[in-house]
Amino acid sequence: MTATPDPLLAPRLDLVEELHGHVVADPYRWLEDAADPRTTAWAAAQDEYAAALLGALPDRESFAARLGELMRSGSVGIPVWRSGRAFSTRRDPGQEHAVLRVRDLDGTQRVLVDPMALDPAGTTTLDAWSPSWEGDRIAYQVSVGGDEESQLFVLDVATGELLDGPVDRCRYSPVAWLPGGDELYYVRRLAPDQVPAGEEQFHRRVFRHRGGGGPAPPPPRPPGPRGPPPHK
């Protein structure tokens, strides 16, 4: 009689490759394919096992209640100061997501970006934000459904008017403002039709964005030595 395989044990493939003169075994490569029926079945078995194990733990309900109390305490982010304005995030008790606020020169506080106002379903998150050096504009990035595929927007701080965006494919992109607040640099992936199949998450470029003009590649480096200029 053949024993039934344990669904929690991931099957090992007899897969061995020679890479640059080295023999490398990769028995679990099938788990890299999220659409593989074996992967979905194994993940479902893991979820079922974990749910049964965790659900049987003593004091689970009281622990969950206490954890909920602590999570509802709220949080305040570290402020970033720009020309007398203070930008920071804040999550009040009971709020699902932190909101981005600004304290103006006269001391009043206003909400600039509220993820729940953008998406009442609560699936939109504020990934990053960066105010200009003058404090009159702010670039912020949001993603939906936990995909972390950030879209970049530019907001007028005084009026709340949306000046630019969305600029897509800005996942994990830093932002660097140029003095004056009319231009900024950011990192963006190339469009899927410009890269080989399967490499959509790679091939990043640094772009320069002019206010209202859409993304543009950075200017070419001028010819000449890259070191410091000679002393005069």
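The largest nonpolar core of this predicted model has twelve residues, namely F87, L100, V102, L112, V113, L126, I138, Y140, V142, F153, L155 and V157. A nonpolar core is here a set of buried Ala, Val, Leu, Ile, Met, Phe, Trp, Tyr and Cys residues joined through side-chain atoms within 4.5 Å, and buried means under 20% relative accessible area, with exposed standing for over 50% and partly exposed for what lies in between (1.4 Å probe, protein chains only). At least two residues of this core are supplied by each of β6 (99-103), β7 (109-113), β9 and β10, and the largest share, three residues, comes from β9. In soluble globular proteins, nonpolar side chains tend to be buried together.

Because the model is predicted, local features need pLDDT of at least 70 and side-chain atom pairs count only at pLDDT 80 or more, while totals for chains, interfaces and linings use all residues. Residues are numbered from 1 along each chain as its sequence is written, and side-chain values use heavy atoms, with hydrogens and water left out. The strands and helices named here are DSSP runs numbered from the N terminus, with helices being H or I runs of at least four residues and strands being E runs of at least two.

Strand β9 belongs to an open sheet of four strands, whose order is β8-β9-β10-β11 and whose pairing is antiparallel; two strands pair if DSSP finds at least two bridges between them. At the edges stand β8 (124-131) and β11 (162-167), each with a single partner strand, so one side of each is left without a neighbour in the sheet. From one strand to the next the twist averages 20°, where axes are lines fitted to C-alpha atoms (for helices over the stretch in contact) and angles run from 0 to 180 degrees between N-to-C directions.

On one side of β9, seven bridges pair this strand with β8 in the antiparallel sense; W129 has Y140 of β9 as its bridge partner, and P131 stands opposite I138 in β9. The two strands β8 and β9 form a hairpin with five residues between them, and G135 in the turn has a positive phi of about 75°. Strand β9 is also joined to β10 by six bridges, again in an antiparallel run, and here I138 has L155 in β10 as its bridge partner. This second hairpin, of β9 and β10, has six residues between the strands, with G145 in the turn showing a positive phi of about 70°.

How enclosed is β9 by the rest of the structure? Six of its eight residues are buried, so β9 is largely enclosed.

A search of the whole structure finds two aromatic pairs. The rings of Y140 and F153 have centres 5.4 Å apart and planes at 15°, so this pair is stacked; rings of Phe, Tyr and Trp (its six-membered ring) pair if their centres lie within 6.5 Å, and planes under 30 degrees apart count as stacked, over 60 as edge-to-face and the rest as tilted. Y140 lies in strand β9 (residues 137-144) and F153 in strand β10 (residues 151-156), 13 residues apart, and both residues are buried. In the other pair, the rings of Y186 and F207 have their centres 6.0 Å apart and their planes at 15°, so they too are stacked. This pair links Y186 in strand β13 (residues 183-189) to F207 in strand β14 (residues 204-210), 21 residues apart. Y186 counts as buried at 1% relative accessibility, and F207 is buried with a relative accessible area of 13%.

Some backbone details remain. Most residues other than glycine have a negative phi, and most peptide bonds are trans. E148, in the loop between β9 and β10, has a positive phi near 60°, and R169, in the loop between β11 and β12 (175-177), has a positive phi of about 60° although R169 is not a glycine. The peptide bond from G165 to P166 is cis, with omega near 5°, and P166 lies in strand β11.
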